[in-house]
Amino acid sequence: MNPRSQPNPHTASSYPTLATTTTTTTIITTMAMRFLLVACSLLAIASAGNLYQEFDVTWGDGRAKILDNGQLLTLSLDKASGSGFQSKNQYLFGKIDMQIKLVPGNSAGTVTAYYLSSQGPTHDEIDFEFLGNLSGDPYTLHTNVFTQGKGNREMQFKLWFDPTEDFHTYSILWNPIHVIFMVDGTPIRDFKNLESKGIAFPKSQPMRIYSSLWNADDWATRGGLVKTDWSKAPFTASYRNFKADTCVPSSATSECASNSVPTNGGWWNQGLDSMGQQRMKWVEKNYMIYNYCSDLKRFPQGLPPECSIA
């Protein structure tokens, strides 16, 4: 059981349209999806949208607060409990931004999780997780993608700035062809739709946004070697300027209408152009510290199939 989605209260930029090299199979698949997806409305939320209207505090006994007339949300963690919130809406594809300022100082043992997820044993999930650090050490940004209940696709990065000094924008671009993770508009990871190769892709299960601040000192910092220093509590992470340009399912079909998605080169058709690919390679070269596709010891029977597909 993961405390992010099942909390225990007693423990603690835009990118151009994809190149025309898309395969015929992918084009046909995408057209079929657009035809079949029904009963959905687009939801565009202003960058300074009211957080009261978009999120519900779900646990923490008052440790999570929405402040400043709905312009700021804070989560806190102490020895008794962490805290969390979730979106009122479910989403099926979209471009979602959130500005986050992480726990400052000695945050070792803590995890600030911000992610999209559906429910159930075959759930889909798109994860940002920020693993705490000793004062002066860089945060670890942990990413993962679950499809049909299968994860184990972790990539980890150090950031090129101190994420505790100010707010930075963490974005997910999710459409029928890509899941792209971005930090301040810089792409750091692109999980592509490879269904034609037999690899599942998150496309049919609506997901809510979840976030939580919780204690994971059994693994979060240096593999659990560094424990949480509770004398530094309460630990606090802050959120603002939520923006979502998304499809919000509005019927029992939980699907997105083809006539409700952008048709002018918006997020529905976005991928990475050559500049975006170069920026992502720069991040991979200089800031990636773990890639599951390079971990031969972890997968002695062979790397996951998507790792060998360009």
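Colleague: Which residues does the UniProt annotation "active site" cover?

Modeller: Keep in mind that we're looking at a predicted model. The label itself comes from an unreviewed UniProt entry.

Colleague: Where does Glu129 lie, and is it buried or exposed?

Modeller: Glu129 has its place in strand β8. Its relative accessible area is 5%, and buried means under 20%. So Glu129 counts as buried.

Colleague: What about Glu125: which side chain does it join in a polar contact?

Modeller: Glu125 lies in strand β8, which covers residues 125–131. Glu125 is buried, with a relative accessible area of 5%. Its side chain has a polar contact of 3.5 Å, and the partner is the side chain of Ser117.

Colleague: Okay, on to the backbone. Which residues does a cis peptide bond join?

Modeller: Look in the loop between β14 (208–215) and β15 (235–249), where you'll find Pro234. The bond there has an omega of about 0°. That cis bond joins Ala233 and Pro234.

Colleague: Is Asp68 buried or exposed?

Modeller: Find Asp68 in the loop between β3 (65–67) and β4 (72–77). Asp68 isn't a glycine, yet it has a positive phi of about 55°. Its relative accessible area is 52%, and the cut-off for exposed is over 50%. Therefore Asp68 is exposed.

Colleague: What is the phi of Asn241 near?

Modeller: Asn241 is found in strand β15 and counts as partly exposed, at 27% relative accessibility. Asn241 is a residue other than glycine, and its phi is positive, near 50°.

Methods. Residues are numbered from 1 along each chain as its sequence is written. This is a predicted model: local features need pLDDT of at least 70, side-chain atom pairs count only at pLDDT 80 or more; totals for chains, interfaces and linings use all residues. Side-chain values use heavy atoms; hydrogens and water are left out. UniProt positions are given in the numbering used here, feature names are shortened, and annotations may be inferred rather than shown by experiment. Helices (H or I, at least four residues) and strands (E, at least two) are DSSP runs, numbered from the N terminus. Buried means under 20% relative accessible area, exposed over 50%, partly exposed in between (1.4 Å probe, protein chains only). A polar contact is a pair of N or O atoms within 3.5 Å; within protein, one must be able to donate a hydrogen and the other to accept it, and residues adjacent in sequence count only if both atoms are side-chain atoms.
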